[in-house]
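Welcome! Let us take a friendly walk through a protein model, one topic at a time.

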Amino acid sequence: MSRQETPWHERQVMPNPFIKELCCKINLTLPKTVIAYFEDVGRQTGWPAERIIELYLRNMAFTGHKIPLDVVDNPHRE
């Protein structure tokens, strides 16, 4: 006897009880040109700029990609 499956639209979505432990909010100060870039990418994809930034940073973290810090313009550098 096989179990009858419940249609997707009738299934209950259970919230992830560990989501608070997995995520944290941060504030970033970014130049307007950087924000404009991510807003433009967001317009092309239909997603908000915040989500595009999150995906970009997540990809960098998971792939281990590192930017060359010696070429980054750091206004706080002496």
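## The largest pocket

Sixteen residues matter here: the largest pocket is lined by 16 residues, and Ile 26, Glu 50, Ile 53, Glu 54 and Leu 57 are the ones nearest its centre. A pocket is found on a 1 Å grid over the protein atoms alone, as an open set of points where a 1.4 Å probe fits, with protein on both sides within 12 Å along at least five of seven lines; lining residues have an atom within 4 Å of a point. The model is predicted, so local features need pLDDT of at least 70 and side-chain atom pairs count only at pLDDT 80 or more, while totals for chains, interfaces and linings use all residues. Residues are numbered from 1 along each chain as its sequence is written, and side-chain values use heavy atoms, with hydrogens and water left out.

The volume of the largest pocket is about 620 Å³; this is the space filled by probe spheres set on the grid points, which are joined across faces, edges and corners. Which helix gives the largest share of the lining? Helix H3 does, with seven residues. Helix H2 (32–45) and helix H3 (49–63) each supply at least two lining residues. Sorted by class, the lining holds eleven nonpolar, no polar and five charged residues. Here Ala, Val, Leu, Ile, Met, Phe, Trp, Tyr, Cys and Pro count as nonpolar, Asp, Glu, Lys and Arg as charged, and the others, Gly among them, as polar.

## The chain as a whole

The chain has three helices and zero strands, in the order α-α-α along the sequence. Helices (H or I, at least four residues) and strands (E, at least two) are DSSP runs, numbered from the N terminus. Of the 78 residues in the chain, 9% are buried. Buried means under 20% relative accessible area, exposed over 50%, and partly exposed in between (1.4 Å probe, protein chains only).

## Rings that meet

The whole structure contains two aromatic pairs. Tyr 37 and Phe 38 form an edge-to-face pair, because their ring centres are 5.1 Å apart and their planes meet at 80°. Rings of Phe, Tyr and Trp (its six-membered ring) pair if their centres lie within 6.5 Å; planes under 30 degrees apart count as stacked, over 60 as edge-to-face and the rest as tilted. Tyr 37 is exposed, at 52% relative accessible area, whereas Phe 38 is buried, at 10%.

Phe 38 also pairs edge-to-face with Tyr 56, at 5.9 Å centre to centre and 65° between the planes. Because Phe 38 lies in H2 and Tyr 56 in H3, this pair ties together parts 18 residues apart in sequence. Tyr 56 is partly exposed, at 44% relative accessibility.

## The nonpolar core

Which residues make up the largest nonpolar core? Its five members are Phe 38, Val 41, Ala 49, Ile 52 and Ile 53. Such a core is a set of buried Ala, Val, Leu, Ile, Met, Phe, Trp, Tyr and Cys residues joined through side-chain atoms within 4.5 Å. H2 and H3 each give at least two residues to this core, and H3 has the largest share, with three.

Take Ala 49 as an example: this residue is in helix H3 and is buried, at 14% relative accessibility. The C-alpha atoms of Ala 49 and Glu 39 are 4.7 Å apart, although ten residues separate them along the chain.
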